[in-house]
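User: I would like to learn how to read a protein model. Please show me how to go about it.

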Amino acid sequence: MECPYCNHPESRVLESRSTEGGKTIRRRRQCLECLHRFTTYERIESPPIIVIKQDGTKECFDNSKLLRGIIRACEKTSISQENLEIFVEELETQLQQRPQRQVSSYEIGEYVLDYLRQENEVAYIRFASVYGKFQGFKDFIELLNHLQQHSPLSNSLSQSSLNYVSPVPSS
Ligand SMILES: [Zn+2]
């Protein structure tokens with residue numbers, strides 16, 4: 001497996017983990033050349049999951065696209081990329097196990113928000129704002145109030161972290 005950082009063809013396996021009751025094997029690898037670590041998956045190919053977007057168009061579920069979006073929301077937070085990879089992997093497994101092969105983008109967003117709400121408030125607010133969860137500034141303030149009332153962690157939600165939430169309209 002080629003290293004995604006330097007394209008060196010050889011890596012060593014640091015850890016192998018079987019998931020989905022043995023249907024997938026996840027391997028942490030380290031490049032022998034640049035020593036970067038990366039993850040590979042081996043799985044039985046199954047039919048694609050179709051995502052229905054809010055405008056009614058359809059696309060195939062793309063786990064790496066979803067992962068990139070979540071990683072962006074979680075920048076400079078305590079959530080490790082490895083945990084996010086595991087989350088996306090588990091979400092995909094859940095979707096695979098459903099009898100229907102279709103899921104709405106709204107539903108996927110809700111799964112992600114549920115997860116982030118438990119993990120990290122800053123990441124949750126960032127993802128919610130990018131994902132269009134807020135209808136406007138009023139919703140955003142309501143959410144902040146809700147967090148302040150329900151979680152001791154929100155005291156650590158500093159002004160500087162709130163500055164990341166630029167997509168929210170300021171009117
Ligand atoms: Zn490398």
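Analyst: Start with an inventory of elements. This is a predicted model, and its chain holds six helices and six strands.

User: What share of the residues counts as buried?

Analyst: Of 171 residues in the chain, 16% are buried. Contacts can also be sorted by separation in sequence. Among those between residues at least 6 apart, 51% join residues at least 24 apart.

User: How are helix 3 and helix 4 oriented to each other?

Analyst: Look at the angle between the axes; over 145 degrees counts as roughly antiparallel. The axes of helix 3 (residues 105–119) and helix 4 (residues 121–131) cross at roughly 160 degrees and come within 8 Å. Helix 3 and helix 4 are therefore roughly antiparallel.

User: Which residues make that contact?

Analyst: Helix 3 supplies G109, V112, L113, L116, R117 and E119, while helix 4 supplies A123, Y124, F127, A128 and Y131. By class, the residues of this contact of helix 3 with helix 4 are eight nonpolar, one polar and two charged.

User: At what angle do helix 1 and helix 2 pack?

Analyst: Helix 1 (residues 63–73) packs on helix 2 (residues 81–97) at about 140 degrees, and their axes are 10 Å apart. That angle makes helix 1 oblique to helix 2. The crossing of helix 1 and helix 2 is right-handed.

User: Which residues meet there, in helix 1 and helix 2?

Analyst: N63, L66, L67, I70 and I71 of helix 1 meet Q81, L84, E85, V88 and E92 of helix 2. The contact of helix 1 with helix 2 has six nonpolar, two polar and two charged residues.

Notes:
Residues numbered from 1 in each chain as written. Predicted model: local features only at pLDDT ≥ 70, side-chain atom pairs only at ≥ 80, totals over all residues. Helix = DSSP H or I, 4+ residues; strand = E, 2+ residues; numbered from the N terminus. Buried ≥ 20, exposed ≤ 12 C-beta atoms within 10 Å, placed from the backbone. Contact = placed C-beta atoms within 7 Å. Axes fitted to C-alpha atoms, helices over the stretch in contact; angles between N-to-C directions. Parallel < 35°, antiparallel > 145°, perpendicular 65-115°, else oblique. Nonpolar A, V, L, I, M, F, W, Y, C, P; charged D, E, K, R; others polar. Left-handed = near helix turned anticlockwise from the far one by under 90°.
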